[in-house]
Amino acid sequence: MAKTLVALTIWLCFALPAVAAQQDKAGAKKPPVRPAWSELTPQQQKILAPLAAEWDKMDATRRKNWVGIAERYPKVKPAEQQRLQKNMEAWAKLTPEQRKAAREKYQTLQRLPPDKRREVAAQWQSYQKSLAARPDFSPSDPPAPPEPQTAEAPETAPVKPSGGTATAGAEVPAGQ
């Protein structure tokens, strides 16, 4: 029994450093995420310039998506190019948490049935028109941050059931 214990101890002394060395090598050989900013063409770099500071932090999938957008960019109308540049600048200014929330919201909207998506789009357009009607509003103004949630009793607003009509007497906290 003692010989077995000594043999096991000696084996562990040799085996553990070898396993740790292999793990270090595996971690060290991890290839860089591509394409690197330096691998982009000058035209792609110019188009994606608002994202330059964040490029090294992006994973390969997101980089490829942005490269795809940059490849399509010359083919779109100038008005669409300007809109895309503004959106990239706004995206670059978002915090990682805000970006994650935006991606989740987009995915949620994509899962909606087409008729519900059209309804949401119509509501958004109506909201944009109401903002544009305000004399103190500029389309380039950033959106206002959401109001913080408090533990106090929230204001109430009518509930819209899935059918899309308000139900009398039914109320939910505003903003939900």
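**Exercise 1.** In this predicted model, find where Pro35 sits. Then say which residue a cis peptide bond joins to Pro35.

*Solution.* Start with the helices on either side. Pro35 lies in the loop between α1 (2-28) and α2 (42-47). Next, look at the bond. The cis peptide bond joins Arg34 and Pro35, with omega at about 0°.

**Exercise 2.** Does the end-to-end distance of α3 agree or disagree with its number of residues?

*Solution.* Count first: α3 has 13 residues. Now compare.

**Exercise 3.** Which members of the largest nonpolar core touch the most other members?

*Solution.* The core has 13 residues. Ile47, Leu48, Leu51, Trp55, Trp66 and Met88 touch the most other members. Now take Ile47. Leaving out residues up to four places away in sequence, Ile47 touches Ala70, Tyr73, Pro74, Gln85 and Met88.

**Exercise 4.** How do α4 and α5 pack, and at what angle?

*Solution.* Helix α4 (residues 78-93) meets helix α5 (residues 96-111) at about 125°, and their axes are 8 Å apart. That angle makes α4 oblique to α5. Then find the contacts. Trp91, Ala92 and Lys93 of α4 meet Gln98, Arg99, Ala102 and Arg103 of α5. Sorted by class, this contact has three nonpolar, one polar and three charged residues.

Conventions
Residues are numbered from 1 along each chain as its sequence is written. This is a predicted model: local features need pLDDT of at least 70, side-chain atom pairs count only at pLDDT 80 or more; totals for chains, interfaces and linings use all residues. Side-chain values use heavy atoms; hydrogens and water are left out. Axes are lines fitted to C-alpha atoms, for helices over the stretch in contact, and angles run from 0 to 180 degrees between N-to-C directions. Helices (H or I, at least four residues) and strands (E, at least two) are DSSP runs, numbered from the N terminus. Angles under 35 degrees count as roughly parallel, over 145 as roughly antiparallel, 65 to 115 as roughly perpendicular and the rest as oblique. Contact means heavy atoms within 4.5 Å. Ala, Val, Leu, Ile, Met, Phe, Trp, Tyr, Cys and Pro count as nonpolar, Asp, Glu, Lys and Arg as charged, and the others, Gly among them, as polar. A nonpolar core is a set of buried Ala, Val, Leu, Ile, Met, Phe, Trp, Tyr and Cys residues joined through side-chain atoms within 4.5 Å. Buried means under 20% relative accessible area, exposed over 50%, partly exposed in between (1.4 Å probe, protein chains only). The expected span of a helix is 1.5 Å times one less than its number of residues.
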